[in-house]
Structures are given as C-alpha cells and as structure tokens.
Amino acid sequence: HTRNINMSFFQRMASYLANHFAADALAKNKGFQKFAQFTHMHVSKASEKGQKAAETISKNTEAKKAVEEKMGTVQIFFRSFVDNVKKNFKELEAEGKRLEEMERKQKK
C-alpha cells in the first residue's frame with residue numbers, strides 16, 4: 001500500500017516537472033510564439049467571419065449554404081492546429097524527459 005502511494009507521488013511529481021519544463025520551453029520558444037500568434041490571428045479572423053456569417057444566415061437562407069462550405073475550411077484548419085499542438089507537445093515532453101535525466105545525472 002505504501003509503495004503505491006510513493007509511486008503515485010513520484011508519478012505526480014514527474015508529471016508536474018514534465019509539464020513545467022514543457023510550459024517553460026514553449027514560453028521561450030520563438031517558433032512556438034510565432035505559431036501561437038499566427039493561430040490567434042486566424043482564430044480571430046475565423047471568429048469574425050463566423051459572427052458575420054451568423055448575421056447573414058438569419059437574413060438569408062442562401063448564405064447558409066456558403067457558410068457551410070466555409071466551415072469545412074475552418075474544420076480543416078482546426079484539425080491541422082490540433083495535430084500540430086499534439087506533435088509539439090510530444091517533442092516538448094521528450095525534451096522534458098531528457099532534461100530531467102540530465103538533472104538526475106548532475107545530482108549524482
């Protein structure tokens with residue numbers, strides 16, 4: 001029972017450290033900052049277009065078809081965004097593990 005508690009504690013600590021290193025690495029990474037800026041710009045534009053489209057739909061049913069076609073493009077963008085975030089997180093997670101290993105070796 002005590003061993004499970006200790007393992008749980010170490011797992012939480014390892015998870016915390018990995019998340020800390022990942023967040024820190026992301027915050028300092030110029031490429032990720034540009035990616036976030038680019039994403040924010042596109043999400044903002046998509047939100048504006050969505051708002052305008054919603055107003056148009058309430059006025060005109062023909063516009064509804066055009067909006068549905070554009071929503072396909074938005075879905076593709078968000079699918080790509082999620083895939084990129086997952087890829088970057090996996091890379092950062094590996095980097096965090098590598099840094100933890102280096103830190104562990106330095107303590108010895």
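Biologist: Hi! Which side chains meet in a salt bridge with 2.6 Å from N to O?
Modeller: Those are Arg-104 and Glu-101. Keep in mind as we go that this is a predicted model.

Biologist: Good to know. Where do Arg-104 and Glu-101 sit along their helix?
Modeller: Both belong to helix α3, and because they are three residues apart, about one helical turn separates them.

Biologist: How many salt bridges turn up in the whole structure?
Modeller: A search finds three. Another one in helix α3, which covers residues 61-107, links Glu-95 with Arg-98, where the closest N and O atoms are 2.5 Å apart. These two residues are three places apart, again about one turn of the helix. Glu-95 is partly exposed at 30%, and Arg-98 is partly exposed at 41%.

Biologist: Let's switch to aromatics. How many aromatic pairs are there?
Modeller: Searching the whole structure gives four. One of them is Phe-9 with Phe-10: the ring centres are 5.6 Å apart and the planes stand at 65°, so this pair is edge-to-face.

Biologist: Why is 65° enough to call that edge-to-face?
Modeller: Because an angle over 60 degrees between the planes counts as edge-to-face.

Biologist: Where is Phe-9, then?
Modeller: Phe-9 is in helix α1, which covers residues 2-28. Its relative accessible area is 40%, so Phe-9 is partly exposed. Phe-10, at 52%, counts as exposed.

Biologist: Nice. What kind of pair do Phe-77 and Phe-78 form?
Modeller: Edge-to-face as well, with 5.2 Å from centre to centre and 75° between the planes. Phe-77 is partly exposed at 23%, and Phe-78 is partly exposed at 34%.

Biologist: Which residues form an aromatic cluster?
Modeller: Phe-32, Phe-35 and Phe-81 form one cluster.

Biologist: Which of these Phe residues does Thr-39 touch?
Modeller: Leaving out residues up to four places away in sequence, Thr-39 touches Phe-77 and Phe-81. Thr-39 itself lies in helix α2.

Biologist: Thr-39, buried or exposed?
Modeller: Buried, because its relative accessibility is 7% and the cut-off for buried is under 20%.

Biologist: Last topic: what about Ala-53, where is it?
Modeller: Ala-53 is in helix α2, residues 30-59. Ala-53 is buried too, with a relative accessible area of 13%.

Biologist: How far is Ala-53 from Lys-70?
Modeller: In sequence they are 17 residues apart, and in space 9.7 Å from C-alpha to C-alpha.

Key. Residues are numbered from 1 along each chain as its sequence is written. This is a predicted model: local features need pLDDT of at least 70, side-chain atom pairs count only at pLDDT 80 or more; totals for chains, interfaces and linings use all residues. Side-chain values use heavy atoms; hydrogens and water are left out. Helices (H or I, at least four residues) and strands (E, at least two) are DSSP runs, numbered from the N terminus. Buried means under 20% relative accessible area, exposed over 50%, partly exposed in between (1.4 Å probe, protein chains only). Rings of Phe, Tyr and Trp (its six-membered ring) pair if their centres lie within 6.5 Å; planes under 30 degrees apart count as stacked, over 60 as edge-to-face and the rest as tilted. Contact means heavy atoms within 4.5 Å. A salt bridge is a side-chain nitrogen of Lys or Arg within 4 Å of a carboxyl oxygen of Asp or Glu.
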